[in-house]
Structure formats: structure tokens, C-alpha cells
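I opened the model to look up contacts, aromatic pairs, surface and backbone angles. My entries follow in the order I made them.

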Amino acid sequence: MHKKTGRELEIDGKVSWSFFPWLGIKMQNVSLSNAAGFKGGVFAKAESVGVSIKLLPLVVGNVEVGNLVFDELDLRLIKNRSGISNWQDLLNSSAKSSGSDKSEVADTHFKKFTIGSVVVNNGRASLQNQQINKTIKVGRFNLLCKNINFEKPFDIESSFYIDNPNSSLNGKISAKAKVKMGIDKGLYVFDGLQITGELKNPQTGKPFDFKGSASVKLDLEKQTFAAKNFEASIASLTASGSLRGTKIIDAPSLSGGLVVNDSDPKNTLGIFGVYKYPKNLTKASLKIDLTATPSGTKLQIIDAKLGDMTLKGNLESSKSALNFDLALNKFNFDELVVVSPAPASSKNKTKSVPVKAQNTPKQKAVSHSQFGFLNNLKLAGVIKIGNIQVNKLKLSNFTANVSGNNGLINWRKIGFDFYNGKGRGNASCNVASSRPKFNIDMTLGNVLMQPLLKDFANYEKFKGVLALNTTLTMSGMSGDQMLASLNGSGRISIANGSYMGVDLPYEVR
């Protein structure tokens, strides 16, 4: 083991043997050390490992393994801050062995190699991603592979439970497939892969079903990956597409397309704890092309729809930068609906006030912490929105150039049409400080007052042409204060103003 992998295999328990008709060994408390440079104990350990081989077929050069059993297997996967995993060296050694010296392969070649079954009972696994400081744990992991013959496909079945309080997906997941393996060439094919799940979001308490299917081919020698005929469904959401990968060991690169449709997006959003959406949200769809490399990810949004909103454009991201060019046909703030996720709070109105006041500072702190990722992210892009409505006020043809660095986000060359007039200006937002600050420098010209007042206040008796320029500085979101300070200056002028609807006889009387 040390010669092939550089790791140590330790047996710290009883070892028992059998000799006929099966040559068997059972070992207790078996562990495999971690990769070099990784702390945190062993890579894998098992309460017991058992294997048996039929003795007589060995005489004619055949290996017939009976059962390979792992009880209480504990697998600990780690990806460090540099993006290196503690299992990557095992894949590398597997790929190297597939192309090793042929004389060595000839010495270990057998006419026939079969395994009756491979069994994992009540295993556990964890994946610690130190780049994002998150850990995913699965338990009650069971695996059954039957009639393993490396010249023919064989069946594989597995099930496990996800039970993480901080995860949005918890529950039982099962998988099965027909597998074909060419270990000497590092080739693995999963035909008819099917995954099903009975999941629940612990934060919302809403259960939902999940299922997926695909055909997967993994070639370690060529370092390629392909997932064809991919289909998946979560509640009312369905997805289909394909994914291809190259240099999956040395420098993984993935590309593919994805199509998503949801016939009941309100229910799907509710499962994941999202209760704010447009009133007319009756369907949703997404069509994208994806390319992911070690240096970054490119996303072409061919078509994304949420109700009657349509988004198109491109996104390109790396570890420290995000570039984009996005176009949205409309966004109506007035049509957003907020549904209370906790109906129990409405049972006693007298208790809702102190609970809300007590939680407000904590909510603001969480809201502000969500901006933290912007401190180390460079932004550059263009945003276009066809129509926007806020408090019944309408503007159209909105455009802005967005740039950001070290938590300072600038909106340059802002332009829009506003009630027959034009709006121009710049804005900035500094989220790096403990109290985010906003600056706005805006000019409006030739705005018709009558339709503006009609939409804003249902008032039509005054008309004229509005011009405005203003410079504002705002700071807030500190503690329980949404707006801590507001400073600025400006000028408003109205030309050709007139007031209509005075009843002169009534006023005289």
C-alpha cells in the first residue's frame, strides 16, 4: 500500500483466517492514512474488513472473490483552501498504474477475475470544503455490488442519509445503475443511472421528492467525463441536459447545456425558504450553456423566464472577478409578494411585536454579512432593464455600467426614460464599512408632471414640466436602523405649471 500510494495501512485489531474452500481474512479496526499535507486524522477507517477468495480456481489462474465486506466504513474527504483534495493522489496513482510497465502488468494478469459482491454496511462520509468553510456529512451509507465481472456489466445499488442542520437538503437518497469497469484502462461506465430521494428542507420543514437519471462515462486514462441524457426533477421542477469533462484529474474542465422548467415555481421557492416573488409567477424556465475551467466559469444565459420576466446575457466568473452583460425585459417591485413562512406567529398578535423587535438587530447583522463576499470580488459589466415599476412610478430603457472593487460598487452612466423625460447620473455603494454608504448624483429633465402624479398619487389636477438635479449621501443598516443618516442638496424647477379643476362659482359663494 505504501509503495503504490505513499500512504500507510494500519490494522489495529484482531485478524482471523479461513483456508478452505475459501481463502479468507477478516481484519478489525482498519485505517488508511491521509494524503501528505492534510491534517485531521485518517482518510478512511472501518470497524471490520472481510474478503474471501476461492482457493482451487487460483491453480488455473482464475480469481473468484466471494464477498468483500466493509462494516462501519468512515470516509473523510477534504478539499483544502488551495483547491487540492485528499483523494486526488489516489486517482493519480490509479491513472499512472493503468499506463505502467507492461511487464509488471503481465506478472499480475489473471485469466478471469470476478467478485461475488462488495458490501458496505452502515458507513459514514464527510466532505469538508475549506475554501468555503462548509462540511457536508452523510450517514447510514450502504452499498451493494453484485456479480462483479470486469468483462461484463454488473449491478450496483446504494443508499445514504443526509442529515445536516445547516443544509437545505436533508433526507434519504438511493441510487442504482449497471456498471462496466475496465480497471486496466481506468474506464468506468454507468448505464441507466437512477437516483431517487425523499428530502426535506429543515429550515422550512417542507418535504419533497427528487429523482434523476443519466448515462455516465469516466475515463481516467484519457481524463474525460461525459454525462448524457441527464434528467432530474425536484417537486414541480424538471431539468435535462448533458455535461462533458476533460483533464478531470490534472485541471478539470466541464462544458454542457441545461434546460430547466417549473410548472409551479411558487411551491419550489417555498421549499427553499424563498417567499418573495411576483404575483403572476405561474411558470419558470431556464436555458443555459456552461463552461467551467480551473481559472473560472462562463455562463451564457440563452433564455431565462420567471413569470413574464425574461433575462438574457452572459456571466464570466473567476476566484476574484465577475464580468457580466445582462438584459432584463422588466422588473415590477410593486408585484412582489411576501408570504409569511411562519403562520404560527399570527396566532397571538400581542406576542409578535416583542419577538420582531428582539430579532431585528440579528436580522440586520445577517443582511449586512451577505455583502462580505463583495470585499474581495472585482465586478465589471452592463445591466439593461426594459421597464421598471416602483411605487407605481414607471421608468424604461434603464442602462448602467457596473464596476466594483474592495467592496466599493460604482454605477456609472446610468440612463433611463422617465415620463417623457430623461434621467442621467451616477451612483456608488460602499459595503466594506460596518455601516454601508450610498451616494447618488442624479439629473432629471423634461418630465411630465401630470402622468407622474397620476401614477404616484392618483392625482391629475396639476401639470407641468419637471427638472431636477440632486446629490445625496445615505448610510444605514447599522443595528436596528435602516437609515442612519441622509445628507444632500438639490434643485427642483417646474415650467409651464397649471392647476385644473377649480370651481370658481363655488369659491366666490
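I took contact to mean heavy atoms within 4.5 Å. The model is predicted, so I kept local features only at pLDDT of at least 70 and side-chain atom pairs only at pLDDT 80 or more, while totals for chains, interfaces and linings use all residues. I numbered residues from 1 along each chain as its sequence is written, and side-chain values use heavy atoms, with hydrogens and water left out.

**Asn34**

I asked which residues Asn34 touches, not counting residues up to four places away in sequence. I found Arg7, Lys39, Gly41, Val42, Phe43, Ile78 and Asn86. Asn34 sits in the loop between β3 and β4 (44–54); strands (E, at least two residues) and helices (H or I, at least four) are DSSP runs, numbered from the N terminus. I noted a relative accessibility of 10%, so Asn34 counts as buried. The cut-offs are under 20% relative accessible area for buried, over 50% for exposed, and partly exposed in between, with a 1.4 Å probe and protein chains only.

**Whole protein**

I counted 7 helices and 28 strands. Of the 509 residues, 29% are buried. Of the contacts between residues at least 6 apart in sequence, 47% join residues at least 24 apart. The accessible surface is about 31,300 Å², and carbon and sulfur atoms hold 56% of that area. I used Shrake-Rupley areas with a 1.4 Å probe; for residues, only the protein chains shown count as cover.

**Aromatic rings**

I paired rings of Phe, Tyr and Trp (its six-membered ring) with centres within 6.5 Å; planes under 30 degrees apart are stacked, over 60 edge-to-face, and the rest tilted. That rule gave me 5 aromatic pairs. Trp17 and Phe19 have ring centres 6.5 Å apart and planes at 10 degrees, so I logged them as stacked. Both Trp17 and Phe19 are exposed. I logged Phe416 and Phe418 as edge-to-face, at 6.3 Å centre to centre and 90 degrees between the planes.

I then checked for charges over rings (NZ of Lys or CZ of Arg within 6 Å of the ring centre and within 35 degrees of the ring normal). Arg7 lies over the face of Phe43 at 4.6 Å from the ring centre. Arg140 lies over the face of Tyr161, at 3.6 Å from the ring centre.

**Backbone angles**

Most residues other than glycine have a negative phi. I noted Asn122, not a glycine, with a positive phi of about 50 degrees. Asn122 is in strand β7 (residues 112–129) and is partly exposed, at 34% relative accessibility. Asn496 is not a glycine either and has a positive phi of about 55 degrees. I placed Asn496 in strand β28 (residues 485–499), and its relative accessibility of 68% counts as exposed.

**Leu23**

I found Leu23 in strand β3 (residues 22–32). Leu23 is partly exposed, with a relative accessible area of 31%.
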